[in-house]
Amino acid sequence: MLRVIYGGSPTASAKALELILRDSEMSRQTPEQEYKIVGVLTNPPSAQGRHRDLIPTEVGHTAQIWNEARDGGITILTPEHIREEERKQIAALHPDIFVCFAYGHILGPKFFALFKHGGINLHPSLLPKYRGATPVNQAILNCDSETGFSVQKMALGIDEGDVISEQKVTLTGTETAETLLKQCALYGASEITTILRNTSKTGNLPNAKPQIGEASYCTIIKKEDGKINWKNPAEKIDAQIRAYTPWPGCFTSCNGVQLRILKARDAAKVANQDSSIPKNTAAVPGTVLSYNKQRGILIQTGDGVLIATELQWQAKKAMDYKSFMNGARNFIGSVLE
C-alpha cells in the first residue's frame, strides 16, 4: 500500500483532497493499487471573527471531517515552518510520496528525502507558462483563450519539475479565478488518483518529461491590485474583476465612499445581441451612463462600456444591480474614481 501525505490549504485544494480521499477508499477493492492518505500538511489555523476564534484551513477542515466520520486515520500537521522536529513527525508516518496542491511553503532537500518517491505537485497552468502562486489569475488577466493544469515531479526550484501529465482547458471569457481553480482541482484530482494507483501497482512514478518552452512567472497579488482604473478598456476591467474573485475583489469610489464591483461584463460581449446596449460613448471614463433593467448598470471606461451586475457599498451587503438601484439615488450620472 502506498502511504501518502497531502499538502495544501485553500478551498480548491480541499476539494481535490476530498476527491482523492474518496478514491483512496475505493482503491482498497484493488489491493495492488491501494493507497492511503496518512497525513495532511496545511497552514496553521487563523484567528477570525469578533472573538478571534482559531479556524482551520479548508484542507485541515476536510481532514477533520474525514477523521470524525471514520474515528481517525489522518494525522493533521499545521506547522508554521518545517524544521527538524516537524520532519521527525512526518517521518514517523512512514510516507512514500508527497502530493501537493497550493500548500505555499518552500520545501527543501531534507523534506523530500523523507519520501521514497519524492513529491508531485498539481499546478493550474500549462508549464512552463505561469510558474508561481497565481497562474489562474494571470491567465484570466491576460485574456488567454486556453489554460490548463500540469502534474509535475516536485523540484527544488519553484515549479521547475518535469511534467508527468497535463490537460488543456478552453477559456470562455466568463470564468472567475474561483470557478477556474475549482475546475482545475476536479480535473487534477482525477489525474492524481490515477498516478497514485499506478505508482502503488508498479512501485514507480510514471515517466515525466522536461518542460518545453520559455518560462514565465506570476506576480504576487496585493489588495491594492483590486482598485479599478476606469481609463482602462472595458475588456481589461472585466478580466480584472473575474481574476480577483473572490480575493482581493475589485473596488472603486463614488463620492468618497468605496464601492465594490463584484460581477460585471464587457458590453461588447452582449451588444451584438442587444441593440439597446452601447459598445462605447464619448463620456468621461468612470461615468455611470444608465440603468438597463434587463442587463445591468452601464459604466463608461477608457474604451468601451462595462455592465455591472452585482455591487456592494462599503460595510453593506452585496446586491444584484436591481436591488442596488432601488436605494442608489443620483447614482446615474456620477463619476466613479
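## Exercises on strands, cores and a pocket

Gln300 lies in strand β13, where strands (E, at least two residues) and helices (H or I, at least four) are DSSP runs numbered from the N terminus. The model is predicted, so that local features need pLDDT of at least 70 and side-chain atom pairs count only at pLDDT 80 or more, while totals for chains, interfaces and linings use all residues. Residues are numbered from 1 along each chain as its sequence is written, and side-chain values use heavy atoms, with hydrogens and water left out.

**Exercise 1.** Determine whether Gln300 is buried or exposed, and list the residues with which Gln300 is in contact.

*Solution.* Begin with the cut-offs: buried means under 20% relative accessible area, exposed over 50%, and partly exposed in between (1.4 Å probe, protein chains only). Gln300 counts as buried because its relative accessibility is 1%. Next, take contact as heavy atoms within 4.5 Å. Leaving aside neighbours within four places in sequence, Gln300 is in contact with Trp230, Asn280, Thr281, Ala283, Val284, Pro285, Gly286, Thr287, Leu289 and Val305.

**Exercise 2.** Describe strand β10 by its two faces, its pairing with β11 and the surroundings of Ser253.

*Solution.* In a regular strand the side chains alternate between the two faces of the sheet. In β10 (residues 251-254), Phe251 and Ser253 on one side and Thr252 and Cys254 on the other are all buried, which leaves both faces covered. For the pairing, two strands pair if DSSP finds at least two bridges between them; β10 and β11 do so in the antiparallel sense over four bridges, with Thr252 opposite Leu259 in β11. Their hairpin has two residues between the strands, and Asn255 takes a positive phi near 55 degrees there. Ser253 is placed as buried because its relative accessible area is 19%. Not counting residues up to four places away in sequence, Ser253 touches Gln258, Val335, Leu336 and Glu337.

**Exercise 3.** Identify the residues with the most contacts inside the largest nonpolar core, and trace the contacts of Phe331.

*Solution.* A nonpolar core is a set of buried Ala, Val, Leu, Ile, Met, Phe, Trp, Tyr and Cys residues joined through side-chain atoms within 4.5 Å. The largest has 32 residues, and those with the most contacts inside it are Ile261, Ile297, Leu311, Phe324, Phe331 and Leu336. At least two residues of this core come from each of α5, α6, α7 (234-243), β11 (257-266), β13 (296-300), β14 (305-313) and α9 (321-326). Apart from neighbours within four places in sequence, Phe331 is in contact with Cys254, Leu259, Val288, Ile297, Trp313, Phe324, Met325 and Leu336. A second, separate core of 30 residues includes Ala16, Val40, Trp66 and Leu196.

**Exercise 4.** Characterise the lining of the largest pocket by its residue classes and by the element that supplies the largest share.

*Solution.* On a 1 Å grid over the protein atoms alone, a pocket is an open set of points where a 1.4 Å probe fits, with protein on both sides within 12 Å along at least five of seven lines, and lining residues have an atom within 4 Å of a point. The lining has 43 residues, of which Pro10, Ala102, Gly104, Ala133 and Thr134 lie nearest the pocket's centre. By class, 24 are nonpolar, 14 polar and five charged, where Asp, Glu, Lys and Arg count as charged, Ala, Val, Leu, Ile, Met, Phe, Trp, Tyr, Cys and Pro as nonpolar, and the others, Gly among them, as polar. The largest share, four residues, comes from α6.
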